[in-house]
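Please keep the sequence and the model at hand while reading.

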Amino acid sequence: MRSATTSGFVALHVENPAVEFENFDRLVEQYRPRVLRFLFASLRDMDLAESLAQDCFWNAYKSRSTFRGDCSVNTWLMRIAVNLVRNHTQSRRFQFWKKIQNTDNGEMREWPDHSVSPEESASIRQQVQSVWDATGSLSNRQRTVFLLRYLEDLDISEIAQTTGLTENSVKVHLFRAVRGIRKRLGASQ
Amino acid sequence: MNRHLSEDQIARCIVGEADSAEAQHARECVECSADLDRFSRSVALFRSGIQKQINARITLVPTSAVSKPSGADTQTPRWVLVAAAAVVLVVLPFVRAGNKPEAPPEDAFTETDPDAVMNRINLDLGRTVPAPMEPLMLGLPDLNR
């Protein structure tokens, strides 16, 4: 059993994959925040993210027998989530509403942080909103790679496993995403 | 490297693809390292902001409430249930009719004793009206009186 490099989670390459799914409710409870976080940042709609998170776990449950344990459960779930996002964003209905709304950015909801001054809180909110807007301007693939790297803290090889891209391709998309976001941040500041 | 890092070089430093000269400059140059720190801080705040929203959502909608599959996945079983119910409603009457045991006629002979059989035959022959009509006859006035 060797550990993956994913931080914040004990992501293990399991010897007996079936053990991971013995208590599926616990698995959902453990991974739901991560899956939901990625889906929300990708789709920018919490209700839609919640719906796809359910689909993600449902698909995982249905195909649990195909999990061979050659990657962590987290990577496996993220792979399912990435596919769901890709399928959804390519759907005609999504394209239609995106066109109608003429924006795919949305807004980050405000959150009260009583540990900082109102001025600092406003500054933080502006920075968060800037990055949020900047990620919205990326292509789907660049955004996915960026979020997996900087939101989910996956390393390059895990991102390659999750997205099905080669490691070199992941690096290229990540580089372009960072450059694009910096450009947007520079323009907004 | 005397000049500051270009945008591409900064981006390479961020994604961990900088060469040794670029990495050394990023460490030593106050302006470039501050630039990298600003970006790291922005991304960290972004991550923290999203995490707060997710935490709020998890609190609002606990995991136990979302353990069932979404509507899209339950549509097919629902249709199957509706179809199955329709089939049951259509087929059930035929099944019940097919399984229903035939009731013996009321006047069927069940006695095995020969005397009892003869008494029953005599009783039937002595009737003025058929047995099913006897209740009706009770309501009529007696003409023989």
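B:R57 is buried, with a relative accessible area of 16%, where buried means under 20% relative accessible area, exposed over 50% and partly exposed in between, using a 1.4 Å probe and protein chains only. This is a predicted model, in which local features need pLDDT of at least 70 and side-chain atom pairs count only at pLDDT 80 or more, while totals for chains, interfaces and linings use all residues. Residues are numbered from 1 along each chain as its sequence is written, chains are lettered from A and ligands numbered from 1 in the order in which they are written, and side-chain values use heavy atoms, with hydrogens and water left out.

**Salt bridges around B:R57**

- The side chain of B:R57 meets that of A:E50 in a salt bridge at 2.9 Å, N to O, the term standing for a side-chain nitrogen of Lys or Arg within 4 Å of a carboxyl oxygen of Asp or Glu.
- Because A:E50 lies in helix α3 of chain A and B:R57 in helix α3 of chain B, this pair joins two chains; helices here are DSSP runs (H or I, at least four residues), numbered from the N terminus.
- A:E50 also counts as buried, at 4% relative accessibility.
- B:R57 forms a further salt bridge with A:D47, with the closest N and O atoms 3.2 Å apart, and a network of salt bridges links A:R32, A:D47, A:E50 and B:R57.

**The interface of chain A and chain B**

- In chain A, 40 residues are in contact with 33 residues of chain B, contact meaning heavy atoms within 4.5 Å.
- About 3,600 Å² is buried between the two chains, with carbon and sulfur atoms giving 62% of that area; buried area is the accessible area (1.4 Å probe) that two parts lose on being put together, summed over both.
- Of the area that chain A buries against chain B, A:R32, A:Y150 and A:R182 supply 19%, more than any other three residues.
- The rule finds six salt bridges across this interface, and α2 (24–43), α3 (46–62), α6 (118–136), α7 (140–150) and α9 (167–188) of chain A each supply at least two residues of the side that touches chain B.
- With nine residues, α2(A) gives the most to that side of chain A.

**Salt bridges within chain A**

- Over all chains, the structure holds 13 salt bridges.
- One of them pairs A:E152 with A:R34, the closest N and O atoms being 3.8 Å apart; A:E152 lies in the loop between α7 and α8 (156–163) of chain A and A:R34 in helix α2 of chain A, so the pair ties together parts that are 118 residues apart in sequence.
- A:E152 counts as buried at 0% relative accessibility, and A:R34 is buried with a relative accessible area of 4%.
- The side chains of A:D153 and A:R149 also meet in a salt bridge (3.7 Å, N to O), but here A:D153 counts as partly exposed at 25% relative accessibility, and A:R149 is partly exposed with a relative accessible area of 25%.

**Helix α2 of chain B**

- In α2(B), residues 20–28, the buried residues are B:E22, B:H25 and B:A26.
- These cover an arc of only 100° around the axis, which puts them on the same side of α2(B); the arc is that of the directions from the helix axis to the C-beta atoms.
- The face turned away from that buried side carries the exposed residues B:S20, B:R27 and B:E28.
- Among the elements covering the buried residues of α2(B) are α1 (7–15) and α3 (30–60) of chain B.
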